[in-house]
Amino acid sequence: VSTVVAIVLLLAVATYAVFGGADFGAGFWDLTAGGAERGARPRGLIERSIGPVWEANHVWLIFVFVVTWSAFPEAFASITLTMFIPLTIAALGIVLRGASFAFRKTVITVRFRRVFGGAFALSSVLVPFCFGAIAGGIASGHVPAGGEVGDPVDSWLNPTSLSTGVLAVVLAAYLAAVYLVWDARRAGDTVQAAYFRRRAVVSAIVAGAVAVVGFVVLRTEAQHVADGLTSRALPLVVVCVVSGIGALVLLVRDAARGARVLAVLAVGCVIGSWGVAQWPYLLPVSLTVADAAAPSGTLTALLVAVGLAVLVVVPGFVLLYVLDQRQLLPEEGVEDAADAITFDG
Amino acid sequence: VIETVVAAVNPVPWARSQMAFTLACHIILVPLGVSWAFMTLVANYKAVRHGDRSALLLAQRWSKYMAVTFAVGAVTGTVLSFEFGLLWPHFMGTWGDAFGVPFAFEGIFFFTEAIFVAIYIFGWRRLKPWPHFWTGVPIVIAGIFGTISVVAANAWMNSPQGFTLNSAGEVVDVDPLSVIFNDAMPWQAAHMLVAAYLVGGFLIASVYAVGMLRGRVDRYHRLGFAIAFTVAAVATPIQMGVGDGLARWVFSNQPTKFAAIELVPATGSDVPERLLGTLNDNGTVTGGIPIPGLASWLSDPSTGKATVIKGLDAVPADTRPTVAETNIVHLAWDIMVGLGTLLFLLSVWYGVSWLARRRLPTGRWFLRVAACAGVLAVVAMEAGWVVTEVGRQPWIVYNLMKVEAAATGNTGVWITFVAVFVLYAALAVTTILVLRSMSRRFRRAGGFAEQDTPYGPPAEPAETVEAGP
């Protein structure tokens, strides 16, 4: 049963990366879009694109937390004790990001838009870096088992953490760019489509380079995971590389469809291969999934909850995305007379 | 370097302060998340069923405000799930397999809520009226069950059950159903759920009461006031009954908390109900207004004044709230009950006026009190939460784990507390400013834009709207 729960956890992390990660990546492009004039159009597209979905995407993170603390409580304690600093930064970043995104839409003066926009964009980069750094710290064995405290700084500022942190930021940006190409095309905005296509191509290449560097680092810092990537997880790594290259080719050739699916597959496989490479450890190489697991009653309850989620949440989530993709969720509320006035320009 | 600077700072009081502060902030947004959608749907229903344009405008604007408060509530709620681990790692490490279970279900409901909030808020323009209305209904349902799930976890801390411990004190077996449906859950969940409707109702009604006091007595404001206030006025008497039931549950199952609530230092019968007053370090109680025998009588009317109430001295000093904590609990209790009674009287005033004259009471004094009711309801809710949390001290898991044993050993917590405090203060100020500026903008605008067609065909490109003066 613990294996099933571990798979669920890994899937949830991958889903969060694929959906929530893209929201963070959109923040990265928001940050780099340039001044208020020049960046207005890409920022508008970003806002419309993630507006209806970011809160729902965000719940995947909560789901990851809940599964971890219920199914693997002792490991959760170890992680939170050791990773106190990056988790705190991530928490504060999430507050800053969500709130400023919501606020930015409601304020209309350029000055305040800039303040909230800056807070939104900057924290969008910080949060995925922290999550990546935490994953890297876990993979390289910096989190001790048994609810113990690891080194508060080295555990997330080591070579593995730095490379996975950067990888997380780049992958998020890559996914976001790919999605935004799609959203721009759908809105008939060829200029923005080209704009984000260039960025998708560049970030794909950067992501590939960072991944290679990361693998080299892993071989010296996290032997078990590096070995796993070339054995247990090799099929997933192959799928990842193939779909990544496929997406890149489609992007370069400006193909009408396919790039998005392949990009999702590639990023999902990055997460998946990491999880499989760690197997059978939850905290390499001191705590296995089986040893870390909670009593069977808890695991069963979690699986019931997952079943319920499949019945209740997934249809809702699909409905949200279908409505969004059909452009039935264009804007908050209706056009109000209030929207037309007090534009300070 | 960092470690040497912060080495001397004990993390426990800072961890407690940070948890208390972030929860105190989040709990204000909870009623809005849970009950505002219901009120919006009432307005939405009126609008679609009866073609009421004021109701339509109200529903649409409420959903825009909701987008802001829901976002802030979502992020402040996320912080809490980080804090479980960051501040209380040993609590989660030891009890996560039991305590964590209700959150798995809460997650589902929160997920549902987030999905349908998005669909509802963003669906005004392009969805058809009735399907759009129905996309709001899951928000209400998910809000109800989400509240119940979260409170089930808190209730479990008061009534820990559904697990087996081995000789080393580790959880070896979990019965998730008795974790979720623990003995404290029904009363506590009902109390918080009704509170969400009560506080949400008074809070929103108070905004429209202020508007009417400033002379904006139009149909739009009257409707906004009436919908919200009616919800609150229905919830208030229910809350008194539920609160009474919960108090009696505490009397039977958490006698030490009850002793702190009623300020009872020594076990005895014929205990007075003391309004205000303080417990002194030497164990005597001074000040306040004692009502003879009432505490005993209320605790169990069947035995009346002869009902024995266990005092604080029934348990060793290190397993009960300190004198200062006891005084906080008692004062918070008095505030909650006092304000609750006041709000009950206000609701009666409203109800009588409604029944007798078939219209809203619009007297200035009624509106003045109603304008304060929102803040008072929030204060009452915060006080009630202080009663349940401080009254459980020094335990985090009642009679099983103390707060000190649960806390992180990380000595940098005071820094995160300062950071969180600054961030939340900025967040609170900005949230209020943003809501106010929205309201001011709506007010200046009056009604709909000329070109506006709610529930109409696909809107024209929005660029035309953005050409301002």
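These legends describe close-up views of a predicted model. Local features need pLDDT of at least 70, side-chain atom pairs count only at pLDDT 80 or more, and totals for chains, interfaces and linings use all residues. Residues are numbered from 1 along each chain as written, chains are lettered from A and ligands numbered from 1 in the order written, and side-chain values use heavy atoms, without hydrogens and water.

**View 1. Chain A as a whole.**
Chain A has 14 helices and two strands. Helices (H or I, at least four residues) and strands (E, at least two) are DSSP runs, numbered from the N terminus. The radius of gyration of chain A is 20 Å, close to the 20 Å of the globule rule for 345 residues, so chain A is as compact as a globular protein of that length. The radius is taken over C-alpha atoms, and the rule is 2.2 Å times the number of residues to the power 0.38. The C-alpha trace spans about 60 × 40 × 40 Å along its principal axes. Of the 345 residues, 58% are buried. Buried means under 20% relative accessible area, exposed over 50%, and partly exposed in between (1.4 Å probe, protein chains only). Among contacts in chain A with a separation of 6 or more, 78% join residues 24 or more positions apart. Contact means heavy atoms within 4.5 Å.

**View 2. V201(A) in helix 8.**
V201(A) lies in helix 8 (residues 190-221) of chain A. Its relative accessible area is 17%, so V201(A) is buried. Beyond neighbours within four places in sequence, V201(A) contacts L248(A), L251(A) and V252(A). Y174(A) is 27 residues away in sequence, with a C-alpha to C-alpha distance of 8.0 Å.

**View 3. Y350(B) in helix 12.**
Y350(B) belongs to helix 12 (residues 323-357) of chain B. Y350(B) is buried, at 4% relative accessibility. Its side chain makes a polar contact with the side chain of T230(B), at 2.7 Å. A polar contact is a pair of N or O atoms within 3.5 Å; within protein, one must be able to donate a hydrogen and the other to accept it, and residues adjacent in sequence count only if both atoms are side-chain atoms. Setting aside residues up to four places away in sequence, Y350(B) also touches others, including F225(B), F229(B), P361(B) and F366(B). L360(B) is ten residues along the chain, with its C-alpha atom 7.1 Å from that of Y350(B).

**View 4. Aromatic pairs.**
Over all chains, the structure holds 51 aromatic pairs. The rings of Y16(A) and F24(A) have centres 6.4 Å apart and planes at 85°, so this pair is edge-to-face. Rings of Phe, Tyr and Trp (its six-membered ring) pair if their centres lie within 6.5 Å; planes under 30 degrees apart are stacked, over 60 edge-to-face, the rest tilted. Y16(A) is buried at 9% relative accessibility, and F24(A) is buried at 4%. Y45(B) and F133(B) form a tilted pair, 6.0 Å centre to centre with 55° between the planes. Y45(B) is in helix 2 (residues 11-50) of chain B and F133(B) in helix 6 (residues 129-158) of chain B, so the pair ties together parts 88 residues apart in sequence. Y45(B) is partly exposed at 37%, whereas F133(B) is buried at 9%.

Strand 1 (residues 163-165) and strand 2 (residues 171-174) of chain B pair in the antiparallel sense over three bridges. Two strands pair if DSSP finds at least two bridges between them. F163(B) stands opposite V174(B). Five residues separate the strands, and G169(B) in the turn has a positive phi of about 80°.
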